[in-house]
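Please read the following walk through one protein chain with the model open beside the text. The account moves from the whole chain to single elements and residues.

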Amino acid sequence: MAHETKFFSLDGGLDRISPAIRTPAGNLIEVENYLPIQRGYQRIPGFERCDGRPAPSKASYWVLRFDAATAAIAQGDIVAGGTSAATAEALIGAVVASGSYGGGDAAGYLVLFNLNGTFQDNEALRVSGVTKCFADGVAANRGADNDSDNTTWLRAAIEATRSDIGSLSGSGPIRGVWVYNGIRYAFRDNAGATAGQMFKSTTSGWASVSLGYTLDFTLGSAAFAEGQTVTGGTSGATATVKRVIVTSGAWGTADAAGYLVVHSPSGTFQAAETITSASGSAKASGAQAAITLPPGGRYDFVNHNFYGSSDRFRLYGCNGVGTAFEWDGTTFTPIRTGMTTDQPNHIAVHRNHLFLAFPGGSLQFSSLGEPCQWSVLTGAGEIGIGEEITGFIPDYAGSLIVYGRNKVCQLSGTGADDFVLAVITSDSGAVEWTAQKIAQPLHLDDLGVRRLSTTAAFGDFGMGGVSDMVQPWLDAKRKAGVTATGSMRVRSQNHYRLFFSDGSGLAIYLGGKVPRCGLFNLGKVVRCACSGEDASGNEVLLFGSDDGFVYEMEAGTSFDGSEVSAFARLAFNHMGSPSFNKRFHKAVLEVDAASGTRLGMTAEYAYGDSGISGTLREFDVRGGGGFWSEANWDAFLWSSPTEGTAVCELRGSGNNISITVVSQATYEDPHIFHGITFTYSRRGLR
């Protein structure tokens, strides 16, 4: 019989509901750690721990030759240049090629990583101030003279860099992660679980943030100004004013009351003493009190500028166990709303009001443009939604979307005088921590992932499902007691990602005409997650887990040093003729991959008929090429094709075929496969 060939695009996502005979050829029937993207299916990118120090995925090594050595440099030693002051860490012990240390003429090379600065030829190389040898030339980046050493040293540099990155000190899971002004922040309980701690990323790792003090006052007759020194008239105590919050009264009527946020106190302020600054005057209500965070809770955040000046862009947060707060990079300001139990659990900004959700379904908003003012006299207010609030989506179609567990509401209007709350639906509600906006609001409820969209119909909004193709998977999770622990939007991939309490996850690609789904398993439970931007505007995806580490997603090639195992099983494909038996000869998978990527492929026939033997092949993908005028040197292999192919010879028969692609790798870049061509010949009717 004549051979026939057919090509199929691979891009439909996971399909758990279509009958086998009707499942499109490009869809998947099983998958783990392959995600749908615009071009096809991508093996999930890696994630790696982060703390502000160099990322493992950015690690490299340098080879620096030396001579006139009198003593060895050991692995882990910090090598400093006597003239340049450059520093680096020894990745391995010094390798001597000639001479001896005893003779003072040992020569060889160092393999270094974490290089800072530029070593100079002939300068002394010192460890802890002691000269060990002299540089013989300059350090060469990835200067191995063979592929084996290059691979070994590069991977060693990656893992050594990883081991330098630390967890947050304390106990329990990470309770919040966020990005503000390009800096990563994280929260975790202290070692005794008696208080919460705030950390920021630095070039030296996670650094604990000092929260400062509050100094309450009454009978204020003249306003304090930020930056001034406040002094106690009786105690003589002093402190620097960082924030001035008036909660009642006014300076003009000499009855202003509120609190100062102060830093660097000296001495102890006393109750009822007069406190003054260059411009301010009031009565202290007592001694200054250290600002603390209660243990527990889970943090919710938003960044916003409520004021006209460009330098007043600030972070706002809450945690469900203490007051909301404001952070400007140096000053932490508690936000006191006046509630008896002042413990909001969700936060949003809408129409230049700060919105907070309180237990019991209480939706409260600050005064216009004043996130720390919560008096009805200045425009603050409260609205009840009738059930516990589980999340917000602000500024959608001019409204604030307010989610309850079994209700979705719309808050319209511009302020206290015309805010109106309307119920969009009482048939759907959001599981807490699952609401995100990717063009349109999405959330998880008992019927799956739902999308809220504007419509011309009455009520202005409509609700549609986006996870129908994987609903059996979601139903099985719910029946097993597996709960959603968080969600994330990934703008670079048009993904909505859901994380579950067993470490598994669901990714939904929303960039096409219909949603496409994929499944993943990170091997870690995501306890909190966020998407933000670094100082250059690049997307940053973070999550915190039970082990006290903060991880960055879409970074590196591994799961923080562990192998990534992935597979994708294509739908059974009958080539348009389900009644005919066929002899399958070859499958050619179209792959975008770095040269040397290793994949496995298996084939099953006739819906997996146990009486028909399958095929297993393992091979290297030949790819990673480029065009002479469109790529940089070292970016690809000139002798490789621009499009990789993985060819699997087949020896099976049946009326249909299903191919499974398998990948297991730690140091391979993610690959994408997007098409497959089958060669087969027809046999008789089945």
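Of the chain's 686 residues, 51% count as buried, where buried means under 20% relative accessible area, exposed over 50% and partly exposed in between, with a 1.4 Å probe and protein chains only. The model is a predicted one, in which local features need pLDDT of at least 70 and side-chain atom pairs count only at pLDDT 80 or more, while totals for chains, interfaces and linings use all residues. Residues are numbered from 1 along each chain as its sequence is written, and side-chain values use heavy atoms, with hydrogens and water left out.

The chain holds two helices and 55 strands; these are DSSP runs numbered from the N terminus, with helices being H or I of at least four residues and strands E of at least two. Its C-alpha trace spans about 100 × 90 × 45 Å along the principal axes. Among contacts (heavy atoms within 4.5 Å) with a separation of 6 or more, 61% are between residues 24 or more positions apart.

Helix H1 covers residues 147-164. Its 18 residues reach 26 Å from first C-alpha to last, close to the 26 Å expected at 1.5 Å a residue; the expected span is 1.5 Å times one less than the number of residues. The buried residues in H1 are Asn150, Trp153, Leu154, Ala157, Ile158, Ala160, Thr161 and Arg162. They pack against strand S6 (47-49), strand S7 (62-69) and strand S11 (106-116).

The next element is a sheet. Four strands form an open sheet in the order S30-S31-S32-S33, with antiparallel pairing; two strands pair if DSSP finds at least two bridges between them. Strand S30 (346-350) and strand S33 (381-384) are the edges, each pairing on one side only. Neighbouring strands in this sheet are turned against each other by 25 degrees on average, direction ignored; the axes are lines fitted to C-alpha atoms, for helices over the stretch in contact, and angles run from 0 to 180 degrees between N-to-C directions. Strand S32 (residues 362-365) is joined to S33 by four bridges, and Gln364 stands opposite Glu382 in S33.

Strand S34 (residues 389-396) is mostly covered, with six of its eight residues buried. Five bridges link S34 to strand S35 (residues 399-404), and the two run antiparallel. Phe392 in this pairing stands opposite Val402 in S35. The two strands make a hairpin with two residues between them, and Ala397 in the turn has a positive phi of about 55 degrees.

Some single residues follow. Arg188 is part of strand S16 (residues 183-189). Why is Arg188 counted as buried? Arg188 is counted as buried because its relative accessibility is 9%. A polar atom of the Arg188 side chain lies 2.4 Å from the backbone oxygen of Leu168, and the backbone oxygen of Ser171 lies 3.5 Å from a polar atom of that side chain. A polar contact is a pair of N or O atoms within 3.5 Å; within protein, one must be able to donate a hydrogen and the other to accept it, and residues adjacent in sequence count only if both atoms are side-chain atoms.

Gly40 lies in strand S5 (residues 40-43) and is buried, with a relative accessible area of 0%. Leaving aside neighbours within four places in sequence, Gly40 is in contact with Leu10, Asp11, Leu35, Phe673 and His674.

Thr557 sits in the loop between strand S48 (550-553) and strand S49 (564-570), and counts as buried at 16% relative accessibility. A polar atom of its side chain lies 2.7 Å from the backbone oxygen of Thr666. Not counting residues up to four places away in sequence, Thr557 touches residues including Arg43, Gly46, Val564 and Tyr667.

How many disulfides does a search of the whole structure find? The search finds zero, a disulfide being a pair of cysteine sulfur atoms within 2.5 Å. The sulfur of Cys50 is 9.4 Å from the closest cysteine sulfur, in Cys530, and is therefore too far for a bond. For Cys530, the closest cysteine sulfur is in Cys528, at 8.0 Å, which is also too far for a bond. Cys50 is buried at 8% relative accessible area, and Cys530 counts as buried at 4%.
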